[in-house]
Amino acid sequence: MHRKRRRAFDPYFSRASILRLETVITTLVQKMCTQICEVKGTGTPLNMSTMYRCLTTDIVSDYCFSQSHNMLDDPQGNEKFVVAFVGIFKMLFLMRESRWTAWLIQSMSVLPKWLVPTDECMAWIQGWQSGLGERIRDVKAGKKQVSRASVFEQYIHNDDVPVDEKSDKILLDNALLFVSAGLETTGFACATATYHILDSPTIYRTLKAEISSVWPKEGHMPPLTTLEKLPYLTACLKESLRLSIGVMSRFHRINHHRPIVYKEWTIDPGWSVSMSQRFVLYDEDIFPEAKTFRPERWLKGEQSRALDKCFVVFSRGARSCIGQSLAWAEMYLALASVVHSFDMSLHDTDRRHVDPKYDYFVPFPEVESGVRVIVK
Ligand code: HEM
């Protein structure tokens with residue numbers, strides 16, 4: 001079942017599809033930068049973690065439904081809602097062993113009230129959930145008129161997908177999965193990147209200089225394909241993804257048919273094997289000084305290419321991240337814009353705000369108040 005559904009969604013998240021929709025991402029990144037401009041020169045601290053969460057929510061909802069959530073209209077006003085939404089991951093440890101598709105839905109309807117955010121936030125989350133349902137029904141009824149077809153529109157009108165794979169429940173499950181899977185992972189990676197870049201004047205200067213080489217002062221944002229060729233930017237993004245881990249929990253895999261042979265051990269069919277990708281991404285033998293943000297480790301030719309094998313942040317195989325091309329595109333465009341367009345410094349933020357500490361499926365840092373900056 002998973003394989004069939006995955007195959008049906010795969011084409012919409014391929015690199016070619018993402019490149020076709022680059023303008024969606026670029027427009028929303030520019031909207032985020034307009035919001036950042038509001039505090040420029042005022043000395044008011046700005047929470048970049050909130051900014052990125054609003055950005056990733058708007059991008060994934062626009063991409064999936066051609067209708068953005070418009071969180072970036074008022075990032076500060078929406079902060080409590082994104083925080084509450086991300087907080088739902090904290091409740092999921094109760095249901096850790098089930099697939100995360102089901103988790104979010106179950107957590108909203110079954111969990112006792114005391115575990116759930118304030119009434120106002122809960123109402124927002126439920127409204128958001130029913131809004132997704134409404135959008136699905138509109139798309140099914142052909143009510144939506146937009147210039148480009150969204151992921152869900154294409155899926156619903158794809159005759160190769162069996163009708164029973166297009167029930168309202170399956171579509172809503174998937175809509176929730178895409179939005180929740182794309183929001184915090186990418187948002188946290190962007191916030192981690194911002195922290196480490198601003199924390200080192202040398203890294204900040206080097207990155208600004210590299211981006212300026214393809215983006216003149218008064219010019220337009222370069223296309224994604226140009227940004228992807230920048231080695232230092234790429235290295236900073238890889239290091240941010242590595243340190244932010246993506247998903248902290250163990251992934252379970254069961255081979256029902258054959259034994260798994262690992263070194264001197266043989267694991268019988270039917271046994272669950274699991275590990276967290278943190279063990280690879282923070283392994284000192286693979287990444288010396290693993291807790292240090294060192295873009296240079298990705299700039300050493302052949303030696304760095306060997307590291308790519310251990311870059312498991314999107315997992316590997318049939319269940320690897322379907323949204324990885326989208327995540328990369330968001331990160332390239334958002335980080336290049338923020339670094340190029342503003343002079344920032346960290347405000348009251350240290351590693352406790354970004355280092356993964358708690359395993360709530362996605363990692364949570366010790367201090368959750370976000371990466372705050374002053375925009376000069
Ligand atoms: C930095 C960003 C991201 C990271 C690190 C990341 C990481 C991962 C990982 C490790 C998995 C495998 C989970 C498992 O085996 O159970 C996964 C699955 C998934 N991701 Fe991402 N992800 C990111 C962004 C996104 C985005 C933007 C989307 C938006 C569509 C997305 C959608 C999904 C979906 C739908 C799955 C389930 C795939 C399946 O079960 O076949 N992810 N992601």
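I take a residue as near a molecule if its C-beta atom, placed from the backbone, lies within 6 Å of it. I note that this is a predicted model, in which local features need pLDDT of at least 70 and side-chain atom pairs count only at pLDDT 80 or more, while totals for chains, interfaces and linings use all residues. I number residues from 1 along each chain as its sequence is written.

**Entry 1: the ligand shell**

I looked up which residues surround the ligand and found 23, with G182, T185, G246, C321 and G323 the closest. I name helices (H or I, at least four residues) and strands (E, at least two) as DSSP runs, numbered from the N terminus. Which helix gives the most to the shell around the ligand? I found that α9 does, with seven residues. Both α9 (168-199) and α15 (324-341) supply at least two residues each. I sorted the shell by class, counting Ala, Val, Leu, Ile, Met, Phe, Trp, Tyr, Cys and Pro as nonpolar, Asp, Glu, Lys and Arg as charged, and the others, Gly among them, as polar. The shell around the ligand then has 14 nonpolar, seven polar and two charged residues.

**Entry 2: α4 against α9**

I recorded two quantities here, because two packed helices are described by the angle between their axes and the distance between the axes. The axes are lines fitted to C-alpha atoms, for helices over the stretch in contact, and angles run from 0 to 180 degrees between N-to-C directions. Helix α4 (residues 48-65) packs on α9 at about 145 degrees, with the axes 8 Å apart. I counted two residues as in contact if their C-beta atoms, placed from the backbone, lie within 7 Å. The contact includes Y52, T56 and V60 of α4, and F178, G182 and L183 of α9. Its residues divide into 10 nonpolar, eight polar and two charged.

I checked the length of α15: its 18 residues reach 25 Å from first C-alpha to last, close to the 26 Å expected at 1.5 Å a residue. The expected span is 1.5 Å times one less than the number of residues. I call a residue buried if 20 or more other C-beta atoms lie within 10 Å of its own, exposed if 12 or fewer, and partly exposed in between, with C-beta atoms placed from the backbone. By this rule α15 is mostly covered, with 14 of its 18 residues buried. Helix α3 (residues 22-37) packs on α15 at about 35 degrees, with axes 10 Å apart. Here E22, I25, T26, V29 and C33 of α3 meet A329, E330, L333, A334, S337 and S341 of α15. I count six nonpolar, three polar and two charged residues in this contact.

**Entry 3: α12**

How many residues of α12 are buried? I found 11 of its 14, so that α12 is mostly covered. Helix α12 (residues 231-244) reaches 20 Å from its first C-alpha to its last, close to the 20 Å expected. Its buried residues include L233, K238 and R242, and the buried residues pack against elements including α9, α15 and β7 (356-360). Just after α12, I245 takes a positive phi of about 70 degrees.

**Entry 4: two loop residues**

I noted that S66, which is not a glycine, has a positive phi of about 55 degrees. S66 is found in the loop between α4 and α5 (75-91). Is S66 buried or exposed? S66 counts as buried because it has 21 C-beta neighbours inside 10 Å. E289, also not a glycine, has a positive phi of about 50 degrees and lies in the loop between α13 and α14 (302-308). E289 is exposed, with 9 other C-beta atoms within 10 Å.
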